[in-house]
Amino acid sequence: MVAAARKGRVTASPLTSSPMAIATTAQPGFLSGWLSRIPLPKWALIAVAVAVAVLLLLFLICIIRCCCGKKKHKKKEKISLAAISSSTTASLVQPEMEDLEQGTEQTGRGKLQYSLEYNFRMQQLKVGVKQAAELKAMDSGGTSDPYVIVYLTSDTKKKYETKVYRKTLNPIFNENFTFQVAQAEVPESTLVMQIYDFNRFAKHDIIGEVRLPLASVSLQHVIEQWSDLSVASKLEEEQLGEICFSLRYVPSTSKLTVLILEAKKLKRMDSHGLSDPFVKVHLILNRKKWKKKVTNVKKNTLSPYFNEVFVFEVPFNQIQNVDVVISVWDHDKVTKNEPIGKLFLGCRATGNQLRHWSDMLSSPRRPLTQWHSLQPPDVVDKALGLKSHLKLPLPPR
């Protein structure tokens, strides 16, 4: 009976397992039956399935790369802009109106033919204005009345003009002009040739200009060439020169030390092309003249070396109300001394002058030296609220 029971168990197991076997084989039977209806061999179906899978994979990879690339690009852009100062960022993001005008008006102004010749023995620059072509029409009749103004940026007071040619866009000038320029000063000068449209009853309109830095050309031989006219500069900034000095303030002793070191590229004030410069140092307290000291005069030079120290007593509670005015003058024995240029430092200053003053206050007892560009005297006087014709008494030494 035991043997029969064991035999019964053995024979019963296939019966109980048969429904599970039917359940597991039903799904493959359905898939194979569905595939058998497609009139293609099995290898072709496999190839199609693999191709579809590859295409889907490539499509997903492209989407992922595009999304990630955009995010990284935006992140880098933010970092690069944040690393730049606010003033520089503004100039990069928002272009100046003059730049926009140059982009729209740069073309169609015409071109100018000119020649250059430098005489090294005489130290003279000969500029030949040959002709212009395809000038922009400025008159209502579709023509212009052009003439040319020629000058060097190193001496804007000396300008030459050609004759006016009526009703033409292709004038032939053939005029020569000579500038007295020392060989050492040639690389620092820029030749400017501006073409204007003459108008008898109104302001003359500028058609365009050619600016040629002389440092960019070789004057070993005669140069003759054509150049396209560009949009003219709205304001010709006269180069007055630069001055180097140091500032030092010691709060414990209330001593403000100004060391006038040197100047360079000063404006020519004398007829022989030089100047006799000296420097005045004024202290302005609460917009009122307070103290003044003066350096010695340096004869016949545009690059004087002074190395003179001036010490002023300024209480710590007044240092925020003080303006230091640095002015360079041309000495003249016969006539009145003429100012070449000025600048001022203090809490009311701007730009490099304010930065130099702030650095001095944040670094007490430490002399800080810096170069500064001179500005027109009337501009500085207006910013200070001073009248230039009033004289300051010289304090006893």
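Which strands do the buried residues of helix 6 pack against? They pack against strand 14 (322-330) and strand 15 (338-345), where contact means heavy atoms within 4.5 Å, and where helices (H or I, at least four residues) and strands (E, at least two) are DSSP runs numbered from the N terminus.

This is a predicted model, in which local features need pLDDT of at least 70 and side-chain atom pairs count only at pLDDT 80 or more, whereas totals for chains, interfaces and linings use all residues. Residues are numbered from 1 along each chain as its sequence is written, and side-chain values use heavy atoms, with hydrogens and water left out.

| Helix | Buried residues |
|---|---|
| Helix 6 (residues 377-384) | Pro 377, Val 380, Asp 381, Leu 384 |
| Helix 5 | Gln 353, His 356, Trp 357, Met 360 |

Seen down its axis, helix 6 has its buried residues within an arc of 100°, so they line one face of the helix; the arc is that of the directions from the helix axis to the C-beta atoms. Asp 378 and Lys 382 are exposed on the other side of helix 6, and Gly 385, with a positive phi near 75°, follows the helix.

In helix 5, the buried residues fall within an arc of 95° when seen down the axis, so they too line one face. They pack against strand 9 (242-250), strand 10 (255-264), strand 14, strand 15 and strand 16 (368-373).

Strand 10 contains Thr 257, which is buried, with a relative accessible area of 16%.

Definitions and conventions: Buried means under 20% relative accessible area, exposed over 50%, partly exposed in between (1.4 Å probe, protein chains only).
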